[in-house]
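Have a look at the sequence and the model below, and turn the model around a few times before reading on. We will go through it together, one part at a time.

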Amino acid sequence: MKWPATCVAVGLATGYAGSDAHAQVTLDKGYLGLETYYYPQDGSPVQKHGNAAAIGQLELRGRWGAGLSAKLTPFARVDAIDSHRSLFDAHEAEVEYSAGRWRAQLGMRMLSWSVTEAVGVLPAQVVDIINQRDLAGDPAGQEKLGTAMAALSYQGDNFRLEGFALPWFRKRKFPDETARENPFQGLVNLTDATVQYTSESGAHRLGAAVRAEYSFDNANVALIQYQGYAPQPLLIPDFRLGKAAELYYLIDMTGVTVQATLGQWLLKTETAYFGTRENASRFAGVPASYWSSVSGVEYTFVNAFGGSDLGVFAEGLFDSRGRAANGTPFHEDVFAGIRWVPNDQSDTQILAGVMSGLDQHALVAQFQFQRRIGTHYQVDLRLRTYNAAKDSPLSAFNEDSVMFLKLRRFF
Amino acid sequence: MKGKFFSVCLAVSLMGTALGATGTEEPEWVKAYVAPLEAAHGSPEEKQGLKIYETQYLMDKGWGSLEVGLEMRLIDAAGRESQRRVVERKTEEPEQPNKTLGIFLEPADVRGTVMLTFEKSTESDDQWLFLPAFKRTKKINAVNKSGSFLGTEFSWEDISTSELTKYHYRFLREEGTTWVVERVPVYQFSGYSREVTWVNKSNYQTVKIEYYDRKGDLLKTLNLDDWAQYLGRYWRPLRMEMSNHVNGKKTIIQLSPYRMNAGLDKKMFSSLVLEDIPLPNATEGTPVAATK
């Protein structure tokens, strides 16, 4: 059941490739690498100190002239310690056809609608709803799964309209009970959870989204309407001991994103209203309608330390569900930090920030470092540490810390 | 709008043929563009410096859109080398600063990154960056034009187009086949206090620039060589060498032959569609051996 859309896309692509002698297929980019998450502190008795995996991705493109092209981006992760992290996914497998201002795309795609920094630290995504998250791959929610869709877009002079039909909803990929940064501390295993949908059509209920983006010289503004399952399920008790069931429920999301520059200031927001479609008496625990937002500013110091860029940013996180928020600790928080780009030969980038709860004690500090080594290698380092009071949803990670290291060779 | 553009092209052609001839009637938009500059350039030396760069500026109007490949060799003080490859596309907007797309090809980890810039002379540019790893287009703060471009000895300020209004000019002296003209950047966050430029008398092209830092010390020297002329009119150097006198580093840019009047699709110069720009073919952006 997992591959129908992929097969269609790849089949179409190979079909076209076979029918036209002038097809041109290129390997645009690819990498092979190693990654590890290491947790120095002890977790619960069943939990491990981390994992280690080999990862790889290829980006292939076929072109057939006259506006027809195809993309195939297979991704693989093979984990030697935590087999539940192993994954083979078609991040992209699509054919696209463009004519003038119109563009049609069919197949698996990867999109990103986020504009803020905080969503890069923890799974606090607001409007970036199209692609499901692979929390086993990255507990902070930065790994995504390809989504099947048929999309049509029209580009005007300073706007773009996109429509999406989403025929196949993918369930969230959760870590198993031995994994760390897991809110259930080894007590609940979600890797073979019962999956329930509030719609009788299950995963094949047709979802839809519309996005309109406007581009001004100083600002980009996008309006988003999504109708379909919420990507984060409600976790409900299962009849099997020690197991939970995932319930995916329907929502209507109306969102807006803004990125604007004002001299040395950058202003950003991603804000959305989530309307629920479900009858609370039938599905207990499904949240009533709510607001969620991440908004902030960044100030850039010019020529800090001789030619480098130093940015200082602060973002506020708000969720009207408050403490009752479905597993999200980010209902009233501030994320503040610095971004340093020295503009050196190795493209070094450093981001350091602290997220802090305003109405309860919960701290997450993160340090990110990325640079190139030589011509072909790139190293990513992330350090994250938690400190949270007992009544915080993050208390399960109290005083946990993690070191993430990724080394990739690009070709 | 179209009619306006044609009249600009016509005006430019006229300017081109009338090169060097004084007393030619200038079209309205040129007058409007140059009038505030002329008013700000009072002394005879300033007027002469401005006139030289005004001629260079007007000669270079009318190429429509262009594409060129840049191969950059970064050489540090110890002689170690690394490389960058970028395909640059530009579109000329009538009576407006240019729009530029930079598509990064090498090193491999940044391949597919796209930078879109709407240039402005006296304030910060409007700039967007498409990051292929995240499939995300970020509006970025382009206040800092003086930082290194891709780790090279060139800053964005050095490689963006020379809008006439970016500088205040002053003629210094004649030197053999060149005029020596000083330019002082107008932009408050420029990395330079002044630039001393050498302009070839025969074709009005800048062949050498000395950059002085904010304290007034010599920072970098740029030499522009291997000149080629396109469409019988537009001069471009195929080799640029920037030497940094403070850190001992050097960057050499070798350019592929330009495609001018390339007929590029102007709607691709938009922050809305950076994700849809296909990677140029492997052969694009590969410079040929320079011809003298």
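How many helices and strands are there in chain A? Chain A has one helix and 21 strands. Please keep in mind that everything here comes from a predicted model.

**The two chains**

Let us start with the overall form of chain A. Its radius of gyration is 22 Å, close to the 22 Å that the globule rule gives for 411 residues, so chain A is as compact as a globular protein of that length. If you draw a box around the C-alpha atoms of chain A along the principal axes, the box comes to roughly 65 × 60 × 45 Å. Of the 411 residues in this chain, 55% count as buried. Look also at the contacts in chain A with a separation of 6 or more: residues 24 or more positions apart account for 58% of them.

Now turn to chain B, which has four helices and 14 strands. Here 60% of the 292 residues count as buried. Among the contacts in chain B between residues at least 6 apart in sequence, 48% join residues at least 24 apart.

**Where the chains meet**

How many residues of chain A are in contact with chain B? The contact involves 51 residues of chain A and 40 residues of chain B. Between them the two chains bury about 3900 Å², and 42% of this area is on carbon and sulfur atoms. The interface holds 27 residue pairs in polar contact. On the chain A side, the residues that touch chain B are eleven nonpolar, 23 polar and 17 charged ones.

Over all chains the structure holds 52 salt bridges, and six are found across the interface of chain A and chain B.

| Residue | Partner | N to O distance |
|---|---|---|
| B:Asp276 | A:Arg160 | 2.3 Å |
| A:Glu92 | B:Lys135 | 3.2 Å |
| B:Glu275 | A:Arg160 | 3.8 Å |
| B:Lys90 | B:Glu119 | 3.9 Å |

**A walk through the table**

Begin with B:Asp276 and A:Arg160, whose side chains meet in a salt bridge. This pair crosses between chains, from the segment after E14 of chain B, where B:Asp276 sits, to strand E7 (residues 159-166) of chain A, which holds A:Arg160. Are these two residues buried or exposed? Both B:Asp276 and A:Arg160 are buried. A:Arg160 also forms a salt bridge with B:Glu275.

Next comes the salt bridge of A:Glu92 with B:Lys135. It goes from strand E4 (residues 87-99) of chain A to the loop between strand E5 (125-131) and strand E6 (136-142) of chain B. A:Glu92 has a relative accessible area of 4%, so it counts as buried.

The bridge of B:Lys90 with B:Glu119 lies within chain B. B:Lys90 belongs to strand E2 (residues 81-91) and B:Glu119 to the loop between E4 and E5, so the pair ties together parts that are 29 residues apart in sequence. B:Lys90 is buried, with a relative accessible area of 9%, and B:Glu119 is buried at 5%.

Salt bridges can also be linked to one another. In chain A, a network of them connects A:Glu35, A:Arg77, A:Asp79, A:Arg85, A:Asp134 and A:Glu143.

**Some details of the backbone**

Which residues does a cis peptide bond join in chain B? The bond lies between B:Glu106 and B:Pro107, with omega at about 0°. You will find B:Pro107 in the loop between strand E3 (99-106) and strand E4 (114-118) of chain B.

A:Asp347 is not a glycine, yet its phi is positive, near 50°; look for A:Asp347 in the loop between strand E17 (332-341) and strand E18 (349-357) of chain A. B:Asn261, also a residue other than glycine, has a positive phi of about 50°. B:Asn261 lies in the segment after strand E14 (259-260) of chain B, and with a relative accessible area of 48% it is partly exposed.

**One residue and its neighbours**

Finally, find A:Leu363 in strand E19 (residues 362-373) of chain A. With a relative accessible area of 31%, A:Leu363 is partly exposed. Leaving out residues up to four places away in sequence, A:Leu363 touches A:Val354, A:Met355, A:Ser356, A:Thr385, A:Tyr386 and A:Asn387.

Definitions and conventions:
Residues are numbered from 1 along each chain as its sequence is written. Chains are lettered from A and ligands numbered from 1 in the order in which they are written. This is a predicted model: local features need pLDDT of at least 70, side-chain atom pairs count only at pLDDT 80 or more; totals for chains, interfaces and linings use all residues. Side-chain values use heavy atoms; hydrogens and water are left out. Contact means heavy atoms within 4.5 Å. Buried area is the accessible area (1.4 Å probe) that two parts lose on being put together, summed over both. A salt bridge is a side-chain nitrogen of Lys or Arg within 4 Å of a carboxyl oxygen of Asp or Glu. A polar contact is a pair of N or O atoms within 3.5 Å; within protein, one must be able to donate a hydrogen and the other to accept it, and residues adjacent in sequence count only if both atoms are side-chain atoms. Ala, Val, Leu, Ile, Met, Phe, Trp, Tyr, Cys and Pro count as nonpolar, Asp, Glu, Lys and Arg as charged, and the others, Gly among them, as polar. Helices (H or I, at least four residues) and strands (E, at least two) are DSSP runs, numbered from the N terminus. The radius of gyration is taken over C-alpha atoms; the globule rule is 2.2 Å times the number of residues to the power 0.38. Buried means under 20% relative accessible area, exposed over 50%, partly exposed in between (1.4 Å probe, protein chains only).
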